[in-house]
Amino acid sequence: MTQLPLLTVSDLRTYFYTGAGVARAVDGVSFDIAAGETLGIVGESGCGKSVTALSILRLIQRPGRIEPGSRILFEGQDLLTLDDAGIRRVRGNRIAMIFQEPMTALNPVFTVGDQIAEVARVHASASRRDAWSRAVEMLTLVGIPAPAERASQYPHQLSGGMRQRVLIAMALVMNPALIIADEPTTALDVTIQAQILELLADLQQRLGTSIAMITHDLGVIAEVASRVVVMYGGEVVEEARVETLFAEPHHPYTEGLLHAMPRVGRRQERLAVIPGNVPPPTAWPTGCRFRDRCAYAWERCEREHPPLYHIGAGHVSRCHLADEPERRTPKRTAATATATAVSVGGGPA
Amino acid sequence: MRPSRFDAAALHDASVPAQVADGGTIPPARVAWRAFARDRSAVGGVIILLLLAVMAILADHIAPYNPRALLDPIRLKNVAPSLDFPFGTDQFSRDVLSRVIHGARVSLAVAFLSVIAAATVGTAYGAIAGYIGGWIDSAMMRFVDALLAIPRVLLLIAVATLWGKVDVVGLVVLLGVTGWFGVSRLVRSLVIGASEDEFVTAARALGAGHIRILTLHILPQVASPVLVAATLAIGNVVVIESGLTFLGMGVPQDTPSWGGLFRDGMDAYTAHWWVPLFTGVALVATVLAANLVADGLRQALSPRQLPAR
Amino acid sequence: MRRFILRRLLHGVAVIFIATTLSFFLVHLAPGDPFSSSLESLATDPRVLAARRAAYGLDRPLAEQYVRFLTRLVTGDLGPSILAAGPAEDALAAAIPNTLVLMGTALALGLIAGVALGAWQAMRVGSRADRAVDTASLVVASLPEFWLGLLLLLLLAGKFRLFPTGGATDYMHDLMSPGERIVDRLRHLALPALTLALLSAASIARYQRAALLDVLPQDYVRTARAKGVGERQLVWRHALRNALVPTIVLVGLSLPALLGGAVFVERVFAWPGMGRLAADAYDARDYPIVLGATLVGTALVTIGGIATDVLHAIVDPRVRSR
């Protein structure tokens, strides 16, 4: 790529200082997002993907802290060095975020239109009337029927799908360069999910917005992402173009995720699972963090923390199998390990 | 206006029934007990209440003088606090310390008994209303709403005026009869919430009768919030009783009680400040202790406090 | 919204009706009647008493008495007052405005101070200042009104002579200029209102702080932050509006207790309000005034309750459809 990426996250570390110890929720994550592309960030709950998203906009609150040494470069600035006023100018304006639970993400005592209009009032100093008409415009854009009437309604009067559209409308008001969507469809049922994804894809095409799509659902990734980052244990464990990831996954975790996905038309006696549980972020295992659940692990995996190996063009994987591919022979069977079903395509994160 | 003392408001605290209705479970006694024991102010409150209770029970033995004795109406009248009389004497040369100690007996007993009565009546009423539901429930609750709207103090004054002087027993009955409304509302919403719980439906499906469901499944959920409310009410009632006695309509004047001490001391408060002051301290200590204990109980028994497993 | 108000009004009427009926039965369950135990009655010829009883219809069946009671009530006739030597309703009518002024002032002051304090605390939760204020408000909220009143009276009026020691007006009030009169009234209002306001503020602050701490971690606050809204706006516009809701509910429910507190405070400061009148009426065994005060008190509380419910619906739109 000759063009500079829109967003560069470099060695991001976000730690939570709790009574139970230091939780290293995000422990050295780096990735780029180019202008106009959709990056998928996928992983199960506890892997740090949501915390990564919140860190980009510096929405981490006590007892969490973004560690020094992390850098988030956006439009020529390091977001982590901005003062309070500076980061507020970015939030909702250049980078907007869509949250997971449309039920609770909207303030119940203000009208929907008011909440959308607020973005214009905060960032463009728009008058009440101008901000309101912009809000109605946004509601039209996201495909809500009778937008002028809906704008005067309160969140509890709208359905879940409509509320999610409102959140998207809120994110689009200032035509941001990047939208971070944190599990935008998880709380919705499947038909609505499809509509929302279609809407996002459509908007991206029309407005050229970059999207960071955070999800645990590989189906969503397959539909909208052009590149994918797989996270586990607070780290990036694999990164590739979406076609490559699905066709030739390298990291055993990615492999497991793909196998766990039930596929229509395939006869299956039992669902494949990745055995074991995600370790707690206060105590990541030494060496490779996935080794206790990995079918191929050997003693090197316990001793040496794997770096990101270069596999192919734009494809990296944090696994020693890149170095010793002959070791790719399964040592454990599903029957001898406790099962943790990786929720794919339908369960909450 | 004190939500920490006012029955209905504290009892109406939406967070308590909502927590239970949300499917949270009341933590088991052991867990709650440990959480409570760790709360230093709550434990402090319990200690204060226990001390007061001991003081009340052993009043005859602890008090240095007979509370009703006029020790020396000429020379020992209105003595300021001193070594002989740590709380001073009043205008009738009675030792204030002894009167405060004995006063605890009456005030605490009245509060305790009337709160128990009110809690019992209120729980029964609210449980029936909540369990039966339908128009009976609406009617019962509308009745309670009306009763709640009548300011308690005015109601007490009205009844006291109409029925003549009340003795201590009468006072307990009166306070009990006017204090159950808030509890019934609380219990009713708890029972409604619990009735909709799935394990109640399951029990019913298994053929359990109404009494069994009420006592085994629903009432345990009700116990903790009612306990919190009752603790708050004790502090509240002590003050109301003192206030009524202060106005002249509570405990008969010859019996030492905190309100009575206030009344006696009111006439010459500027010159003889020690009577209202020490009585007030005792009163405030009681209320404060009750509030601390109630707060501690509420935190310890709160379903939200359970760590996620 | 209109339907909501209508429903609440009907509910209020029902409440007042039930309370009135209860009062009636309360009177008639009591031993004796208005004429049997006042000192005056004891000295009067029994035949005259019998005639008076007949005049008041006390020898008629209960149902008929009840109807008479209701009809008299509608016209505002509460009966003769022994204390005031005139119609009870006149005595009450003179006293009610004073109580309203006292309660209204106390409520307004307490609400403003309490909400501001609670918000101030929530923004600094965990700090030394927060914890200090928390302890202070717990202690203040636990104080009995008459004790706090006495204390303030002792200190500010007695020792430091900053305020008068009682009553609503100075005995030279009518000779003062209009400006002086206002100052005089305010000086007399200050201590009793302050007593009630302090107590209100303390408990509202505690409640408001807890409510805000509940609201601040909510998702919608995070959404607002992600939109670029500043911290101060977050608290005062987004969070507070939600946190005010339980406080409004609380205020509505506490009105009966506030009135009860006013009774004691009026006694301590000799404030010529309804509460003091009721307490004096007890001493004089004046039924009509005592009952009248109870009914008026109930009506005031009910109206206040409707007002707070409407306010609640204004602030929280989810309530309107219930």
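**Chat about a hairpin, a helix and a contact**

Mentor: In E2(A), A:Phe31 is the bridge partner of A:Val9. Strands here are DSSP runs of E, at least two residues, and helices are runs of H or I, at least four, numbered from the N terminus. This is a predicted model: local features need pLDDT of at least 70, side-chain atom pairs count only at pLDDT 80 or more, and totals for chains, interfaces and linings use all residues. Residues are numbered from 1 along each chain as its sequence is written, with chains lettered from A and ligands numbered from 1 in the order in which they are written.

Trainee: In which sense do E1 and E2 of chain A pair?

Mentor: Antiparallel, over 10 bridges, with E1 at residues 7-18 and E2 at residues 21-33. Pairing takes at least two DSSP bridges. The two form a hairpin with 2 residues between them.

Trainee: New topic. Where does H7(C) bend?

Mentor: At C:Leu153, by about 25 degrees. That's the angle between axes fitted to the seven residues ending there and the seven starting there. Just after H7(C), C:Arg161 has a positive phi of about 50 degrees.

Trainee: Which residues of H7(C) are buried?

Mentor: Among them are C:Phe146, C:Trp147 and C:Leu150. Buried means 20 or more other C-beta atoms within 10 Å of the residue's own, with C-beta atoms placed from the backbone.

Trainee: And how many residues go into the contact between chains A and C?

Mentor: 18 from chain C and 23 from chain A, where contact means C-beta atoms, placed from the backbone, within 7 Å. On the chain C side, H9(C) gives the most, with 6 residues.

Notes. Contact = placed C-beta atoms within 7 Å. Buried ≥ 20, exposed ≤ 12 C-beta atoms within 10 Å, placed from the backbone.
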